Amino acid sequence: MKFRTAGLGLVALVALTGVVFGQQQISENDKQISAHAQRLLTEGRRIFRFDTMGSESFWGDALQLHRAIAGEKNGGVGGGLSPKAALSVGLKVDADALPSDLVAQIKAGKVDLEDPATTLALLKLNAVVGVTGIFDNGRLRSMGVQCSLCHSTVDDSFAPGIGKRLDGWANRDLNVGAIVSLAPNLKPFTELLKVDEATVKKVLASWGPGRYDALLDKDGKAFRPDGGQAGTLIPPAFGLAGVSLNTWTGFGSVPYWNAYVGTTQMHGAGTFIDKRLSDKKQYPVAAKSRSAETRNAPDQVTPKLAALHFYQSSIPAPKPAAGSFDAAGAKRGEALFNAKAKCSSCHVPPLFTEPGHPLHSPKEMGIDAFQADRSPTRMYRTAPLAGLWTHQKGGFYHDGRFATLAEVLEHYDRHFKLQLTDPEKVDLMEYLKSL
């Protein structure tokens, strides 16, 4: 077939065919899409890591937590929070934010990690992951928090708790309750929950590392009926692309949870609307405080939800290191996962959750309904499994009730009558660690 090119130059021919030397020409629309995606990725990363969304009005102005961090010697109250103490409650330090001279001093043992003034210096460098210090003439006058406080950690490449950022990883070392308990003013909690300060501190102390209760300010359920703590494990924020529902009980999508957390848990100045939380029986605290429809002006959360969602959806589940699992056993485990053990009927590869509506009743799962009944869904979500190896600390399921993968498999084997042999369970564990 011959093209009639009379009167047409090469450029015009290229424009008509859309081909340049065998490669498809990038259209203007495609260029706009690519540029838009890159803007969202860059902006979403910045928001995830550094944007307080106006939360300093709560953590600083209301709780005055910054004063406890600074300590009396630095214009605050009490003994202050040293870097050593900060690391002990799970706060992380971004090694890439440390100037080379400071790195050399730390390595030489010339930096006092017992001095709260060193913590202030790290805050000035914006090196404390998920926490921003707001300074005025060198004095810490307020502070705010970011998404990365709970949903990032570091690789410990410099020292335990100090290293390069790992966005999306669940910080299972973070003791939110212990940190909040340091605040000089807990009235925002005592007045909302109608309890005394000692009770608030008892509840905060019950969570322990890696747990947080994002519903306490909605239903007021501080403890389980059996007296156990009511918090849930901090989940990872990676591998979410294609996953339809998030949170342990499937409250809503990623943007839903970002709005919920950004506005009602980080206490940013945002807008959050969910009329389900107006149910006086299920959510008495929320109904009274009218938090089912929260609006702030100016809104510092809603304009950031699109970029934040895009960035989180772009974070892949990390792959395990070679040698961290038995490859031959994992291969056998994969066959079991997709057949005899029936895992893939719910944890559908490659999402490893159910496409569509991934919710199950407590009865189906063979567990109690306490946490499910705190959700409008009254169900539990099929959790994605990719990257499972990164968040084994603290246990499994929403509340860490199963300490090990072996205990999880024992539960499923018993509940679903799978009749797995011990070697088969070992192979399944190796496969789960390989995801």
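Arg224 counts as buried, at 18% relative accessibility; here buried means under 20% relative accessible area, exposed means over 50%, and partly exposed is in between, with a 1.4 Å probe and protein chains only. This is a predicted model, in which local features need pLDDT of at least 70 and side-chain atom pairs count only at pLDDT 80 or more, while totals for chains, interfaces and linings use all residues. Residues are numbered from 1 along each chain as its sequence is written, and side-chain values use heavy atoms, with hydrogens and water left out.

Arg224 sits in the loop between H12 and strand E10 (232-233). Helices (H or I, at least four residues) and strands (E, at least two) are DSSP runs, numbered from the N terminus. Not counting residues up to four places away in sequence, Arg224 touches Gln229, Ala230, Asp368, Phe370, Asp399 and Arg401. Contact means heavy atoms within 4.5 Å.

**Helix H13**

Nine of the 12 residues of H13 are buried, so this helix is largely enclosed by the rest of the structure. The buried residues are Val254, Tyr256, Asn258, Ala259, Tyr260, Gly262, Thr263, Thr264 and Gln265. They pack against H3, strand E9 (211-212), H12, strand E11 (272-273), strand E12 (293-294) and H15. Just after H13, His267 takes a positive phi of about 65°.

Asn258 is a residue of helix H13, and its relative accessible area is 9%, so it is buried. Leaving aside neighbours within four places in sequence, Asn258 is in contact with Val301, Leu305, Leu308, His309 and Gln312. Between Asn258 and Gln371 there are 113 residues in sequence and 20 Å in space, C-alpha to C-alpha.

**Helices H2 and H15**

Two packed helices are described by the angle between their axes and the distance between the axes. The axes of helix H2 (residues 28-50) and helix H15 (residues 305-314) come within 7 Å and cross at roughly 95°. Axes are lines fitted to C-alpha atoms, for helices over the stretch in contact, and angles run from 0 to 180 degrees between N-to-C directions. H2 and H15 are therefore roughly perpendicular to each other. Angles of 65 to 115 degrees count as roughly perpendicular, those under 35 as roughly parallel, those over 145 as roughly antiparallel and the rest as oblique.

On the H2 side, the contact is made by Ala37, Leu40, Leu41, Glu43, Gly44, Arg45, Ile47, Phe48 and Arg49, and on the H15 side by Ala306, Ala307, Leu308, Phe310, Tyr311, Gln312 and Ser314. By class, this contact has 10 nonpolar, three polar and three charged residues. Ala, Val, Leu, Ile, Met, Phe, Trp, Tyr, Cys and Pro count as nonpolar, Asp, Glu, Lys and Arg as charged, and the others, Gly among them, as polar.

**The second largest pocket**

The second largest pocket has a volume of about 600 Å³. A pocket is an open set of points on a 1 Å grid over the protein atoms alone, where a 1.4 Å probe fits, with protein on both sides within 12 Å along at least five of seven lines; lining residues have an atom within 4 Å of a point. Grid points are joined across faces, edges and corners, and the volume is the space filled by probe spheres set on the points.

The lining of this pocket has 29 residues, and Phe58, Leu192, Asp217, Thr264 and His267 lie nearest its centre. At least two lining residues come from each of helix H3 (56-62), helix H10 (187-193), helix H11 (197-207), helix H12 (216-219) and helix H13 (254-265). By class, the lining has 14 nonpolar, 11 polar and four charged residues.

Leu193 lies in helix H10 and counts as partly exposed, at 22% relative accessibility. Not counting residues up to four places away in sequence, Leu193 touches Leu216, Gly220 and Val285. Leu193 and Lys221 are 28 residues apart in sequence and 9.8 Å apart in space, C-alpha to C-alpha.

**Backbone details**

| Cis peptide bond | Omega |
|---|---|
| Ala297 and Pro298 | about -5° |
| Pro349 to Pro350 | near 0° |

Pro298 is in the loop between E12 and H15, and Pro350 is in the loop between helix H16 (327-338) and strand E13 (359-360).

Phe352 also lies in the loop between H16 and E13. Although Phe352 is not a glycine, its phi is positive, about 60°. Its relative accessible area is 9%, so Phe352 is buried. Arg290, not a glycine either, has a positive phi of about 60°. Arg290 lies in the loop between helix H14 (284-289) and E12 and is exposed, with a relative accessible area of 67%.
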